[in-house]
Amino acid sequence: MKFVVGGCLSALALAVVGAPVSHADTAPVCTETGNSYTAGWQSDWAAYEAAEQNPADTRSRQTVDLPITIAAPFEKVWTVYSNLRNDLGRHPFMKDMINHRTCTDADSETIDFTALDNIPVGPFSYPALTQAEQRIYPAEHYYLSDSWDQPGVTTHQKITFTDNGDGTTTVNEHITFVANPLLIAFTVDNGSSSHREYQAALKRDIENGTL
C-alpha cells in the first residue's frame, strides 16, 4: 500500500514501477488535511526518501505479481479497486486510513496518508503506522503507490487493469518489497498474503453488489 510524503518520487521508485507518460506541466491543486499523524508522516517520509537515495543501501528486494480476475465490468472494477478506502474492513491489517494531503492536476490525483495497521507476528499482533502515497492516473487506468514502515520496510506498487472483453476484468498488483535481508522473506510472505486476502474480499463484494 502506500503513504509517500511530499509527493516526491525517487529515481529508484520510478524505475521500479515505471514512470507515467509525460504530460504538459500543470500546477496541482492541493488540499491539506493536517492532523495528529501528519508530523510523523513527514518525518517518516523523509526517512523513506533518504533510504531510496542511499547508494549504499544493503536491503534486499523481491518482486511479485498478484493477478486476480473479477466478474464485473472494467469501469466498475477500476472505480472500486482504485479507491483505497474500500480496503477498510477487507485488508487484514488496515484499521483506518488518515489522509494528510490530496493533490490533483489535469492527469492525476496524489493522496498522502497514514494507514493504521495491526501486524500479525505469530499468535500476536502489534500496532503499526504505514506511511504511504497513492498516485492515480484515471485516463490510463492504473495507479502507483509507495509505502514505508519501521524498520525500513518499503513497498513499490503498480496496479493495472485489463478489460477481458467478456464482462470480466483482471487486476494485477506488481509489488516490489524492500527490507533488511533478515526480514525480506517474512515481509514478502506477510505482504503477499495480506494483499491476496483483500483482493479476494474486493472480488467477493464487487461481484455480490456490496461495492
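Which strands does helix H4 (residues 184–207) lie across? Helix H4 lies across E2, E4, E7 and strand E8 (169–179), at about 15 degrees to E2. This is a predicted model, in which local features need pLDDT of at least 70 and side-chain atom pairs count only at pLDDT 80 or more, while totals for chains, interfaces and linings use all residues. Residues are numbered from 1 along each chain as its sequence is written, and side-chain values use heavy atoms, with hydrogens and water left out.

**Sheet**
- Eight strands form an open, antiparallel sheet in the order E1-E3-E4-E5-E6-E7-E8-E2; strands are DSSP runs of E with at least two residues, and two of them pair if DSSP finds at least two bridges between them.
- Strand E1 (29–32) and strand E2 (60–70) are the edge strands, each pairing on one side only.
- From one strand to the next, the twist averages 20 degrees.
- Four antiparallel bridges link E1 to strand E3 (residues 94–104), and threonine 31 has threonine 102 of E3 as its bridge partner.

**Helices**
- Helix H2 (residues 38–52) lies across E3, strand E4 (109–121), strand E5 (124–137), strand E6 (142–149) and strand E7 (153–163), at about 95 degrees to E6; angles run from 0 to 180 degrees between N-to-C directions of axes fitted to C-alpha atoms.
- H4 has 24 residues and reaches 34 Å from its first C-alpha to its last, close to the 34 Å expected at 1.5 Å a residue.
- Glycine 209, with a positive phi near 90 degrees, follows H4.

**Buried residues of H3**
- Phe74, Val77, Trp78, Val80 and Tyr81 of helix H3 (residues 74–81) are buried (under 20% relative accessible area, 1.4 Å probe, protein chains only).
- The buried residues of H3 pack against E2, E5, E6, E7, E8 and H4, where contact means heavy atoms within 4.5 Å.

Note on methods. The expected span of a helix is 1.5 Å times one less than its number of residues. Buried means under 20% relative accessible area, exposed over 50%, partly exposed in between (1.4 Å probe, protein chains only).
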